[in-house]
Every structure is written in structure tokens, then in C-alpha cells.
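Subject: Structure handover

Hi,

Here is the structure I promised to send over.

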Amino acid sequence: MKREDSTILNKYGKDPGFKVPENYFADFNQRMAEMLPDVEITPVDVKPTMWQRLKPFAYLAAMFAGVWCMMSVFSHFTNTSNLNGVSAVAEKMQDDNSNVDDFIMSGSVSDYDILSYEDSVAMSNEENFSDEE
Amino acid sequence: MAAREKYDEALVVEQLHDPKLCKIAFGKVIEHYSSQLYWQIRRMVIDHDDANDVLQNTFLKAWTNIDNFRGDAKLSTWLYKIAINESITFVNKKKVMNQLSIDDDESFLVNQLESDEWFDGDQAQINLQKAIATLPEKQRLVFNLRYYDEMKYDEMSEILGTSEGALKASYHHAVKKIEQYLGENE
């Protein structure tokens, strides 16, 4: 794209024709540095504090902790809905002291199953009772 | 010859606020910026001796106010601002001393150019400087910063406190006026 100042640039260039004495800048720099008066400088602690340095890492750790918590909660809910396999339930049911409430609560047992189970328990109790007699 | 130490602005700004290192750090600032500030000042005041005085005042002002510089803006922006203000103040003072109107830039600056022993430009360069001298102060500043220093508009905007759009418009008008002046006076 053509520069809007190209007409001037092509004809006159960038040298304005100004000159400086030889070694002007080196002399000026030295002279200027020497003539600086004493001034009062208030020290500024530009070094970051410990917290400022650790802040990004703390935020990163908090973010990972949050993600981990969310994953744990999600994992917990998905696992309980699976009952973790039928064999675990069977083992639990064979135990006399077992409580089948958890299994029933899971929603995998129908009313018919519960009634059948109660009948079988009643019959077993009756048999035990008659044996004792 | 010893190798020139690399200029690290972040480090220098940090050292400027350390009472033990501030003077050495400011020496590095002078070394790094003296040339670019000088040429900006020189294009404003034209005469070498005047540019030398204004550059000296610029650094003295920066040094005595160094405690106020907190690094919010770039050091170059801050120094340019001081240099431009010092140049404008100087030119206006000198015009008052010469009993000229504040708006009478052209004749004043052309006289400066013709009497400066450190100007050895040809007629074309004199004509261009005369054309630049006809511009209003702000347009002259914008033209010099853009044409000679190729400064970006966003940086110029920070220095001059004007929107980039307004600066682009200023530059456009400046170029057109210079072209017109040169067309009429060649």
C-alpha cells in the first residue's frame, strides 16, 4: 500500500540537514550524568511478596482440587447406581446379619421379589419352629 | 574497547527506585535516550544550542521527578512527554523574548534555521523545514514524530494524550498542507 507521505519522502528523504558537533552525544551523556543533583529517592519494594509469587500456583492447585472434587462426586453417584455387580449382593444376602434395605433401596428389587423373600423367610421360620418342637 | 552494556529497561526502572543505584541507573537512561530525545527536540526548536539546553532541562526535570515515576507508563513515553513540554515552553518563551506572536511560528523557526551553524541542509531541506514550520504546533509535532521517528500511533497517543483517530487525521492534514506549500513555493 502506498504511504500517504510517499511524495514528500521520495523527494526530500528523511535527513533534515541538522548536524551535531563531533562526539556530541558521548560528551553530553558524561556531562549530564555528572551534573545530576542529589535527590531524595523513596525506596520502592518492587520485589513481589511471597504471596504474590505463590498466588498463581495456589490458584492452580485450587483449580485442580475443584476438578478432583467434581470428579469424585460424579464417580460416587455413577458407582452406587450400578450396585457394583450381582455377586456382591448375593454375598450380602447370604449373611444372616445382613440388611437388604440397601439392595431394596437401589430400586432393582420389585414388590414381587420382596413378598417372595418374606414368604420364604416365614416358611423357614415355621420349619425351624416345628423342628424345635 | 569495552563492549557496551545491554540496556535492560525493566532492570533500570527497578534500580531507579533504589537509593544506592538510582544515579548509575539514570546515567544508563541518559545514554540510551539522549540521541532520540535530542533529535525530537531539535526538530521542534531547530537550533542546536537551544536543543542542547532543552535536552539538559528534560533530563534534569526527569531526574528531579524520578520519585514520581512509578513505572505505570513506559519510561520512553514519560521522557518524550517531558521533552515535548520543555520544547514547547522553550519556543514560546523565546518568541516572547523576540517580541513575536505565539502563533508566529514560521518566521521564527525559519530565522532559527538560517542562523544555525549546525545546519548544512540544501535548499530542498530548507524548503521542507519551512513547510513544516507553517503547521500548527500539534500537527508539527505529529508530523515530526511520524515522518522522522516512524512512531506508532498508539505510542504517540499515550505521549500526546490524543486519540489515534485524531492523530491519523492530524498527520493526513499535515502531509496535505506540506505538499501544498511545497507545490506553491518551489
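Helices (H or I, at least four residues) and strands (E, at least two) are DSSP runs, numbered from the N terminus. On that basis chain B reads α-α-α-α-α-α-α-α-α along its sequence, with 9 helices and 0 strands.

Two housekeeping points. This is a predicted model, in which local features need pLDDT of at least 70 and side-chain atom pairs count only at pLDDT 80 or more, while totals for chains, interfaces and linings use all residues. Residues are numbered from 1 along each chain as its sequence is written, and chains are lettered from A and ligands numbered from 1 in the order in which they are written.

Of the 186 residues in chain B, 33% are buried (20 or more other C-beta atoms within 10 Å of a residue's own, with C-beta atoms placed from the backbone). For contacts (C-beta atoms, placed from the backbone, within 7 Å) between residues at least 6 apart in the sequence of chain B, 60% join residues at least 24 apart.

Leaving out residues up to four places away in sequence, Leu55(B) touches Ser34(B), Leu37(B), Tyr38(B) and Ile41(B).

Next, a helix pair: α8 (residues 153-160) and α9 (residues 164-184) of chain B pack at about 100°, with axes 9 Å apart (lines fitted to C-alpha atoms over the stretch in contact, angles running from 0 to 180 degrees between N-to-C directions). α8(B) and α9(B) are therefore roughly perpendicular (65 to 115 degrees). Tyr153(B), Asp154(B), Met156(B) and Ser157(B) of α8(B) meet Glu164(B), Leu167(B) and Lys168(B) of α9(B).

Finally, the contact between the chains takes 36 residues from chain B and 23 from chain A. On the chain B side, α2(B) supplies the largest share, 10 residues.

Happy to talk any of this through!

Best wishes

Note on methods. Buried ≥ 20, exposed ≤ 12 C-beta atoms within 10 Å, placed from the backbone. Contact = placed C-beta atoms within 7 Å. Parallel < 35°, antiparallel > 145°, perpendicular 65-115°, else oblique.
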